[in-house]
Amino acid sequence: VSIEINDVVGTGKIRAFLEELVREQLGSNLKPRIEVGYDTPYARRVHEDLHVFHRVGQAKFLEQPARELEGEIKKVVKEAVLDGKTLEEALKDGGEFLKRASQELVPVDTGLLKSTAYVEVRG
Amino acid sequence: MPGPLNHSPADVIRHLLVGLGYGRLPSGSGPWPISVGAEGASPDNFLTVYNTTARNLGRVMDGERQGLYGIQIRVRGVDEPTAYAKAQAIAVGLDGVAMRLVSLGGSEYVVWSVSRTTDPLALGYESPTSKRVLYTVNAVVSLRMSSD
């Protein structure tokens, strides 16, 4: 599993990618990519600013679960594949798992950030 | 995370940055003081290193846990060009780190590599009334305390 936190230049979005999760197991050359992110101009600031105290939630609300739950995300994807789901569907399940875990950590004192979380299939 | 550490990864990286010439310890003199975990109020140009979530890579045959430590370097500059140039220089400098020895408080560490997980991220002004500008650089670090 490869999970990295990236940034969309110019928009302030924060996103994580799950990629190449089960490609080896399936012997497939497909390179689907799942993007988990937050679509607000201030997502980057809230995510990155470790100085700010939040009464509920925290900074690094996406990076932290992406790293801590890496093994569990992989398991979710594997089980989805074994259940007969397509690679894209399985990756989407992994992305939704990360999104839910991340949303639990999102500060709620910054307006609509939590509700702008998204999962998208790419490639 | 291979083996015990006597200092936090952020502190090791702070001393690495000092060794690479990107700043100095707060107790010293010169530009760009570097602190760990708490940013100083002055001077304008300031670096702060934070510990962030580690990435667990599992265990090797002898049971030792392997992983990469997470760090964030926060760059506060007196203005946009200053902050960006510093963040970019540090990012490029970290890319070139390989098997670097860092001495800290009687302990010695080997920093095997520093892998950036982001380019420098612009956070904007420090506050609505400030002209100081913030950037962050995030990375995962492979390091071990030397047993020698």
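1. B:Asn138 is buried, its relative accessible area being 0% (buried means under 20% relative accessible area, exposed over 50% and partly exposed in between, with a 1.4 Å probe and protein chains only). The residue belongs to strand E7 of chain B, residues 133-145 (helices, H or I with at least four residues, and strands, E with at least two, are DSSP runs numbered from the N terminus). Leaving aside residues up to four places away in sequence, B:Asn138 touches residues of both chains, including A:Glu48, A:Lys60 and A:Glu63 as well as B:Arg116 and B:Leu121 (contact means heavy atoms within 4.5 Å).

2. On the basis of the model: this is a predicted model, in which local features need pLDDT of at least 70 and side-chain atom pairs count only at pLDDT 80 or more, whereas totals for chains, interfaces and linings use all residues. Residues are numbered from 1 along each chain as its sequence is written, chains are lettered from A in the order in which they are written, and side-chain values use heavy atoms, with hydrogens and water left out.

3. As for the interface, 19 residues of chain A are in contact with 21 residues of chain B, and the area buried between the two chains is about 1,700 Å², of which carbon and sulfur atoms give 45% (buried area is the accessible area, with a 1.4 Å probe, that two parts lose on being put together, summed over both). Within chain A, the residues that lose the most area to chain B are A:Arg45, A:His51 and A:Arg67, which together account for 38% of what that side buries.

4. Two salt bridges are counted between chain A and chain B (a side-chain nitrogen of Lys or Arg within 4 Å of a carboxyl oxygen of Asp or Glu). A:Asp49 forms a salt bridge with B:Arg74, where the closest N and O atoms are 2.7 Å apart. Strand E1 (2-7), helix H2 (43-48) and helix H3 (63-68) of chain A are the elements that give two or more residues to the side touching chain B, and the largest share, six residues, comes from E1(A).

5. Some backbone features of chain B deserve a check. B:Ser42 and B:Pro43 are joined by a cis peptide bond, with omega about 0 degrees, and B:Pro43 sits in the loop between strand E1 (34-36) and strand E2 (46-59). B:Trp32, although not a glycine, has a positive phi of about 55 degrees, and counts as buried at 10% relative accessibility. B:Met99, likewise not a glycine, has a positive phi of about 45 degrees; this residue lies in strand E4, residues 98-104, and counts as exposed at 58% relative accessibility.
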